[in-house]
2 protein chains.
Amino acid sequence: MLILTKIITLKKNSVTLSDIARELHMTAATVSRALSDHPEISAKTKSIVKEAAQRLDYKPNRIASSLRSGKTNVIGVLIPTAENAFFGSVIHGITNLASKHGYSVLIHECDELFELEVKGIQTFIGARVDGIIASLSRNTVDYDHFLDVKRRNIPLVFFDRVPDLDIPSVVIDGFNGSFWATQHLIDQGYKRIAHISGPLFINTFNDRFKGYEAALKANNIPFESDLVFNGNISIESGMEGTRQLLALAQPPDAIFAAEDFTALGVLKQLKINNIKAPDQFGIFGFCNDMFSEHTTPSLSTMDQQTVLMGQEAFKLLNQIIENGNEKTSDKIVVKPLPVIRESSLKTMQ
Amino acid sequence: MLILTKIITLKKNSVTLSDIARELHMTAATVSRALSDHPEISAKTKSIVKEAAQRLDYKPNRIASSLRSGKTNVIGVLIPTAENAFFGSVIHGITNLASKHGYSVLIHECDELFELEVKGIQTFIGARVDGIIASLSRNTVDYDHFLDVKRRNIPLVFFDRVPDLDIPSVVIDGFNGSFWATQHLIDQGYKRIAHISGPLFINTFNDRFKGYEAALKANNIPFESDLVFNGNISIESGMEGTRQLLALAQPPDAIFAAEDFTALGVLKQLKINNIKAPDQFGIFGFCNDMFSEHTTPSLSTMDQQTVLMGQEAFKLLNQIIENGNEKTSDKIVVKPLPVIRESSLKTMQ
DNA sequence: CTGAAAGCGCTTACAG
DNA sequence: CTGAAAGCGCTTACAG
């Protein structure tokens, strides 16, 4: 009998409420209430219990309390990839705030693959997370898994790459940011401004294309479809686009690129062709990626305020968790900030 | 009574084993066994149960099974910051593999703050994670929280920034990598090679300093403490170090920098001083950061194989989780890969 | 102010 | 092959 007790004692590697209760000759209920500062427990009992909890190195089992309370204090964050400064930075914004509000963050990376995105959502549902923050994978066009989340009344917020659904989200103002960038190139005196886009079925890149188009229109510059190259978010497509645009009968003298890797590709191709930026050719990017500050010439770009974006996404989610009745129309638009560096400053040369 | 039932039905937003059991007039035990393909359940029952589970959109409550089984299938990953390509990339390596092995990843970022590091560990303990992968914050010198983890028999693996404890870990071979880089600069014909270090109390940067020192010795070049500047992992310290080194009576003609931001600072300062790299001055970094490929001249550096590092860390943890009896001596050393670019190729000019 | 009891949703040893 | 029962570690409505 003694041996049996010992084995049991050895087997469980953590102290429970009942262990404390037994030690103090009270019930687990009282211990529980004392530790959570229940108003009806006497100050004396509280101090005795807290002392014992500390002495026995008690750490509450959140799994058990989650099961009982129905709240896990965990949120799920679904991202296309962690190998990317953008998402890392958003994660930073989310986790910091989440942690302050008592939430832990379960992360799921889907490698830009639809199947892993679905798997991530299922994992989150299984883990009974209190809410989900997600950004779509590159190829996602089927939203059933997200509708499943809604059906289960799990609060859900999208950021950056958002689906065409009535679900709260945080996005960057790509339209106005791109309008601003294009206008800036015009103001600098560049005459023919081209655009290398990202995949246009993704909302973010479509917005940027539209902003470019609108800026031309606002300046009475005719839009020429020849001046738009459809890229795929890569250095290579920036280079390829530049080659094709330079081969036009009337080549451009500036390019607004949908994001910074593309802009970097433009820069590299111009060097190969011995065209000097910014005096002969203007470049403007979008994202303010890690490297953009350190190229030669340094890249003018729009900062996406990624940390702010993460924070806003969490705030929105938290609000929905707390108030329950979300307004599906909630759409937070983060303003991108222009970062003017060398690549677009013709007048400075 | 009917109304009450309805309210209850509405209130719980997910289907349980008992719901399925009631529907099929069997017990939850049978349903549980059928769904987990227990050998003693008849094929017929299994198919009936599985059909019903699918029809009712049943998703097992992992919280409940965790409480019962004592296994959460969650691992905790503690990182100094997510706003950094290095850790993002390691996370990528960890989560991918973890997901394949049925684990979810709880992430905790401590912003390089000791208190948040402790808080993260406590959160992980509370969440009863099956294991922890961690990298130390910049200022951590007190390891009580990790000893607490060991005391509770929670499998623990460190990566990159590891404490001076007998705990399994995955580290980069900074010594040999730095030896290699220094030797390369010597081979390129640079005569006086300086070093701008990171904080030397952190194991990783200390190793790199030692590798530099050893390479000099192996080539019968006397070590001069004047040629070592103590930096703090930043562009600014790269610039400041370069200024001070150039001001020496006998300035160096090459710098091996402890990491790429520092190397970038070197590059920037050389440009200011109108010293041409690589023909007049060699630069070698460490990390292969995002931007290193895109500077002018591009930076020679050591690739840390970050994804591999994350994968190895998970593999090691998983092995400890499965086999229980870890050998505390387990220390996996990842070989860094030289990435020779322009900044160190004197002979090419 | 504290206790006894029920229950969150699973899993599994014990019966039959 | 399936059921009845106990229990994982909490929390809380109900008593007293």
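Trainee: How are helix 7 of chain B and helix 8 of chain B oriented to each other?
Mentor: Keep in mind that this is a predicted model. Helix 7 (residues 114-126) and helix 8 (residues 144-151) of chain B pack at an angle of about 15°. Angles under 35 degrees count as roughly parallel, so these two helices of chain B are roughly parallel to each other.

Trainee: How far apart are their axes?
Mentor: The axes of helix 7 and helix 8 of chain B are 9 Å apart. The crossing of the two is left-handed.

Trainee: Which residues meet there?
Mentor: From helix 7 of chain B, B:Phe114, B:Glu117, B:Val118, B:Ile121 and B:Ile125. Helix 8 of chain B brings B:His145, B:Phe146, B:Asp148 and B:Val149. The residues of this contact divide into 6 nonpolar, 1 polar and 2 charged.

Trainee: Switching to chain A. What is the strand order in the open sheet of 4 strands?
Mentor: The order is 7-6-8-9, with parallel pairing. Strand 7 (228-230) and strand 9 (282-284) of chain A stand at the edges. Each has a single partner strand, so one side of each is left without a neighbour in the sheet. On average, neighbouring strands of this sheet are turned by 15° against each other, direction ignored.

Trainee: And strand 6 with strand 8 of chain A, how many bridges?
Mentor: Strand 6 (residues 193-197) and strand 8 (residues 254-257) of chain A pair over 4 bridges, in the parallel sense. A:His195 has A:Phe256 in strand 8 of chain A as its bridge partner.

Trainee: Which strands does helix 12 of chain A touch?
Mentor: Helix 12 (residues 260-272) of chain A touches strand 6, strand 8 and strand 9 of chain A. Its direction makes about 160° with that of strand 9. Helix 10 (residues 203-218) of chain A lies across strand 6, strand 7 and strand 8, running at about 170° to strand 6.

Trainee: What about B:Asn274, buried or exposed?
Mentor: Exposed, with a relative accessible area of 59%. Phi of B:Asn274 is near 60°, a positive value in a residue other than glycine. B:Asn288 also has a positive phi, about 55°. B:Asn288 is partly exposed, at 22% relative accessible area, and lies in the loop between strand 9 and strand 10 of chain B.

Definitions and conventions. Residues are numbered from 1 along each chain as its sequence is written. Chains are lettered from A and ligands numbered from 1 in the order in which they are written. This is a predicted model: local features need pLDDT of at least 70, side-chain atom pairs count only at pLDDT 80 or more; totals for chains, interfaces and linings use all residues. Side-chain values use heavy atoms; hydrogens and water are left out. Axes are lines fitted to C-alpha atoms, for helices over the stretch in contact, and angles run from 0 to 180 degrees between N-to-C directions. Angles under 35 degrees count as roughly parallel, over 145 as roughly antiparallel, 65 to 115 as roughly perpendicular and the rest as oblique. A crossing is left-handed if the near helix is turned anticlockwise from the far one by less than a right angle, and right-handed if clockwise. Contact means heavy atoms within 4.5 Å. Ala, Val, Leu, Ile, Met, Phe, Trp, Tyr, Cys and Pro count as nonpolar, Asp, Glu, Lys and Arg as charged, and the others, Gly among them, as polar. Two strands pair if DSSP finds at least two bridges between them. Buried means under 20% relative accessible area, exposed over 50%, partly exposed in between (1.4 Å probe, protein chains only).
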